[in-house]
Amino acid sequence: MNLSDRSNAGQKAGSKYLRIEDLRRLKSLQFAAKLVVEGFYQGKHRSPFYDFSAEFADYRPYTPGDEIRSIDWRAYARTDRHYIKLFRKETDMSCYLMVDTSNSMAYRGVNPESPSKLEYASYMAAALAYLIIQQGDKASVALGGEKLENFVPAGGTPQNLQRILIALERAAPAGQTGLAATLKGLFGATKRKGLLVVISDFLDEPDQIYSALSMFLHKGFAILMFQVLTDDEMLLPPLDSALFEDMESSAFVSAEPNSVRVAYQAELQAFLHEMESKAKARRIYYQLATTSQAYHAALEAYVSVRRRS
Amino acid sequence: MFTWLNPGLLPWLLAAGIPLAIHLLTRRARSRAPLPTVKFLQRAIAQQSKVFRVRHLLLLLLRTLAVIAIVLAFLKPTINSRLGTSGAERTAVILVVDISASMSYTAGGISSFSGARNEAMKLLSSLKPGDEANVILCDAQPKAVLTDPASDFSGLDRALRAAQHGEQRAEPMAAINLAVEQLAKAKSKTKRLYLFSDFQRTNWANVKFDGVPADTKILFVAASSGKSQNIGITGMHLYPATPHVGEPISVECDLFNSSDAIKTVPVTLTLSNGGHSTMNVDIAPNATAAATFSFQFDTAAEVECTASIPVDNMPMDDTRRLVIDLRHMATVVLITDEDVNKSPNGAFFVARALRPDPNGQSGFRVIPVKPQDLNNPLLHTADVVVVYNAQQMPELQYHALTNYVTGGGNLLWFLSGTNIGEQISALGKQLPVAEPLPMQVDKVVKLTGNGKGYVTLTEARYESPLLKAFKDPAAADLSRVHFTKICTTSEVDPRAETLLKFDDGTAAAVRSGEGSGNLLLVNMSPDPGWSDLAKQPSFLPLLHEFLKGLLSHELGEREFLAGGSASATLPTGAGHPLSHVTCTGPDPEIKVTSDPVTGSVVLDHVDRSGFYHIVADGNPAASIAVNISADETDLRTIDPRELESDRRRQNSYLADTSAADIDVGALGKGRPLWHYLLITAIVALFAEQLLTQIKPRIRK
């Protein structure tokens with residue numbers, strides 16, 4: 001075991017994806033993220049449900065069955081009529097962070113020092129969870145490849161953040177990409193509408209993915225998609241000749257990257273364009289991130305886009 | 001059928017596996033790389049053109065093809081041998097190698113002879129054990145190295161290595177006849193005749209192959225491209241032919257330009273007495289020009305003249321030699337049965353007329369000889385042969401006389417004697433069919449029935465050099481001679497020159513060219529029983545003018561050539577025969593034959609050109625100039641295909657005509673393919689480069 005391993009061994013559980021230097025950066029993001037979230041929900045998220053709470057909203061005539069204590073006796077004194085005093089209920093936003101853990105997310109390119117896509121996605125998810133809980137909202141995380149494997153319910157406490165981080169740390173890539181099934185599983189676990197953040201390579205059939213996301217859209221979810229790829233996937237690895245093996249099936253193909261690179265990039269760009277255009281059509285925010293970028297750069301890019309809009 | 005000229009390189013064909021091995025090793029060493037986006041990669045490959053997808057296989061194919069083509073090119077394959085025989089069949093091969101002077105022509109540091117010899121040696125080395133071979137070295141007298149064709153290839157190889165080109169002219173016809181004899185001795189069924197020569201038109205134009213059996217394949221290997229650049233001195237002529245002290249003398253040097261450009265050449269004439277002169281001569285392409293030098297000598301001596309031009313690619317003909325003998329007295333061999341010292345024999349008068357003063361320096365040197373004693377050395381020394389009343393002439397001597405005349409000699413025959421008709425008829429039988437006697441002699445008639453009892457000379461052709469001195473009637477009156485006995489003759493051949501006629505119309509003197517020489521039939525006799533010619537003052541000048549007229553042609557053209565024999569006549573005093581004659585010159589092994597009595601000296605078979613100095617009894621006696629044949633200077637070639645007299649002959653083949661490209665082996669084994677293979681290799685490598693540069697075409 002080398003020194004870095006020992007230091008990792010000595011780390012507190014759940015701290016892998018939320019490092020001190022990242023937290024410092026995220027502090028600066030916090031204010032911006034707050035604006036962003038408020039942009040979605042118009043401020044400190046007022047509940048769409050009227051309830052008995054501190055903030056007055058409206059009056060309505062008394063109807064049998066209403067609680068007697070909700071009658072505004074002062075209004076009765078002035079008008080001689082029974083009115084019920086209505087208050088807007090202030091709620092927390094629930095943010096569901098869905099991280100793809102299929103085998104393809106284990107890819108890190110030919111450079112072994114590069115982070116895998118799953119690690120990169122986990123960094124992003126951890127950062128978002130921290131931001132969300134820091135501003136008083138609730139964060140949840142869902143992990144799965146072919147199906148929903150792990151789910152941490154939404155919570156706004158530091159303990160919940162800790163649970164999320166531990167879940168992310170323990171996530172291991174397995175199975176084929178079946179994002180639609182995973183999303184369907186998550187949909188069943190959500191109780192209220194909120195914010196859905198999907199972090200994946202989306203190497204699946206776009207129609208199936210957007211079909212699953214449609215359920216969330218109908219329920220009133222706002223959706224953010226972060227598509228994570230490596231540079232080697234974008235450009236093909238810098239090899240003279242190789243036998244390329246698919247990570248989720250037994251398919252392999254022999255190719256000389258230099259001779260097929262142009263055609264490959266055209267194919268990949270067509271796929272990415274399809275993903276992005278379908279997201280825009282559904283008012284879903286779509287962001288492409290490569291593992292060579294700093295992961296918070298992807299978040300910053302998102303923030304800047306939201307500001308402009 | 002394919003044949004490899006370098007079969008030793010066959011194992012290199014395994015190199016064709018190198019591209020395949022590299023391909024396979026590369027495939028095995030190909031790394032496995034995981035990639036989540038394989039499906040896009042598959043689609044990308046599927047969208048590329050089919051050619052692009054199999055590009056690596058095409059590259060492998062092209063590289064393998066290039067390697068195979070290069071190796072095959074070095075193997076020197078040939079196809080469809082035109083001289084090919086089955087491997088087991090024994091072959092008899094006769095190699096005729098030209099070693100004449102023209103083969104010394106050198107271009108690019110390699111002489112024509114070296115090129116021809118190397119090819120001949122290469123051919124020898126390609127023969128199988130059991131084959132038979134012989135080499136014939138072709139010069140003026142072609143010789144076979146072995147007595148019979150044999151398998152002693154190493155001996156033949158040694159003989160070829162030792163062979164050198166000479167200074168002689170080639171006699172290809174003689175060489176081919178010798179080759180046919182050699183092939184007849186061979187036991188092998190398959191027979192081939194290889195001719196290695198520069199195929200000079202001057203030597204080969206008249207060669208016929210009729211004598212070569214039809215089943216013998218003939219291969220011409222040209223050792224010259226026919227575009228040689230050579231200038232040579234082809235002749236030296238002396239005017240007058242028999243000069244005397246104090247007389248103006250001209251030496252004319254002929255030059256030949258065997259090239260395609262006009263040349264200006266400085267010609268230098270150097271004399272052994274210290275004099276020399278130089279002049280420039282312009283010579284048109286493939287043409288002759290002359291440089292004429294004039295001299296006058298005031299002492300009776302023998303002067304060696306050497307004409308020279310700057311050395312070129314063929315130095316042998318850049319120098320030519322001539323001896324001017326101011327002491328020269330033309331030699332007349334008088335063949336007669338009579339005693340020349342006994343008067344009043346006709347032969348006595350003839351001999352006395354030829355040299356009136358035996359101790360003086362005028363007239364002719366007369367060597368009387370009996371017909372049966374005539375020999376070739378004597379004929380060699382003769383400037384003119386005079387036959388008078390030689391009734392005892394053996395059959396063999398007619399043949400010798402005919403050869404003498406056709407070879408350039410001069411023969412004056414007095415139609416005298418009882419059987420003169422038979423003698424002239426015997427002479428005529430030996431002459432070439434194309435050049436018969438100028439007239440036939442019928443019989444001797446005594447002119448008693450014509451009233452006068454004699455005839456006189458009434459017609460003369462004074463334009464002839466032989467009679468021009470008599471154009472002035474004051475010089476001598478030929479009509480005063482009375483002839484009481486003459487020979488009746490047939491009509492004179494129109495090609496002959498009738499010099500004199502009797503008043504009855506009978507020809508009195510007729511000259512005709514026979515071969516290179518002259519035959520003069522004189523229908524008169526100084527015998528007192530035949531005429532009063534001996535008493536007439538016109539007899540001596542008439543005889544002298546006849547001989548000088550004949551010699552004016554003969555002496556100017558007569559020269560000795562390398563490969564032939566040379567001769568001289570040494571002055572002998574009465575009663576002082578020569579006892580010891582030696583010769584020094586360029587050829588140290590020259591064989592000298594001399595006649596102590598007549599003073600004739602013959603050098604048998606002079607191989608090399610130059611001055612030969614004859615020493616008699618310890619004293620310098622004469623010089624002989626020997627030159628190379630003028631024919632060797634003209635290097636224009638004849639296409640061997642023109643040579644075949646029988647156009648239907650199919651068994652003749654011609655090798656490349658460039659000296660640098662002679663390759664008998666290739667011709668013998670078929671058409672070479674190596675250059676096609678090199679082109680294939682180049683095209684394959686070019687295509688390989690194109691294929692590596694090609695960009696994938698993406699189908700939309």
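This is a predicted model: local features need pLDDT of at least 70, side-chain atom pairs count only at pLDDT 80 or more; totals for chains, interfaces and linings use all residues.

How many residues of chain A are in contact with chain B, and how many of chain B with chain A?

Tutor: At the contact you asked about, 28 residues of chain A meet 19 residues of chain B. On the chain A side, the elements that give two or more residues are strand 9 (242–245), strand 10 (252–255) and helix 9 (257–281). Helix 9 of chain A gives the most, with nine residues. Sort the chain A side by class and you get 19 nonpolar, four polar and five charged residues.

Strand 9 of chain A pairs with strand 2 (residues 31–34) of chain B in the parallel sense, over four bridges.

Chain A has 10 helices and 11 strands, and of its 309 residues, 37% count as buried. Look at its contacts with a separation of 6 or more, and you'll find that 76% of them come from residues 24 or more positions apart.

For a look at the buried part, go to strand 7 (residues 195–200) of chain A, where six of the six residues are buried. In a regular strand, side chains alternate between the two faces of the sheet. You can follow that along strand 7 of chain A: L195(A), V197(A) and I199(A) point one way, while L196(A), V198(A) and S200(A) point the other way, and all are buried.

Strand 7 of chain A also has pairing partners to trace. With strand 4 (residues 94–100) of chain A, strand 7 pairs in the parallel sense over five bridges, and M98(A) stands opposite V198(A) there. With strand 8 (residues 222–229) of chain A, strand 7 again runs parallel, joined by six bridges. One pair to pick out is L195(A) with its bridge partner A222(A) in strand 8 of chain A. To get from strand 7 to strand 8, the chain crosses through helix 7 (residues 206–219) of chain A, and this β-α-β crossover is right-handed.

Next, a helix pair. Two packed helices are described by the angle between their axes and the distance between the axes. Helix 4 (residues 117–134) and helix 5 (residues 158–170) of chain A have axes that come within 10 Å and cross at roughly 175°. Angles over 145 degrees count as roughly antiparallel, so that is how helix 4 and helix 5 of chain A lie to each other. Helix 4 of chain A brings S122(A), A125(A), A126(A), A129(A), Y130(A) and I133(A) to the contact, and helix 5 of chain A brings N160(A), L161(A), I164(A), L165(A) and L168(A). By class, that contact has nine nonpolar, two polar and no charged residues.

Last stop, back over in chain B: an open sheet of four strands with the order 28-34-33-30 and mixed pairing. Its edge strands are strand 28 (560–561) and strand 30 (581–584) of chain B, each pairing on one side only. Strand 28 of chain B pairs with strand 34 (residues 619–627) of chain B in the parallel sense over two bridges, and F560(B) stands opposite V626(B) in strand 34 of chain B.

Conventions
Residues are numbered from 1 along each chain as its sequence is written. Chains are lettered from A and ligands numbered from 1 in the order in which they are written. Axes are lines fitted to C-alpha atoms, for helices over the stretch in contact, and angles run from 0 to 180 degrees between N-to-C directions. Angles under 35 degrees count as roughly parallel, over 145 as roughly antiparallel, 65 to 115 as roughly perpendicular and the rest as oblique. Two residues are in contact if their C-beta atoms, placed from the backbone, lie within 7 Å. Ala, Val, Leu, Ile, Met, Phe, Trp, Tyr, Cys and Pro count as nonpolar, Asp, Glu, Lys and Arg as charged, and the others, Gly among them, as polar. Two strands pair if DSSP finds at least two bridges between them. A residue is buried if 20 or more other C-beta atoms lie within 10 Å of its own, exposed if 12 or fewer, and partly exposed in between; C-beta atoms are placed from the backbone. A crossover is right-handed if, with the strands pointing away from the viewer, the path from the first strand over the helix to the second runs clockwise.
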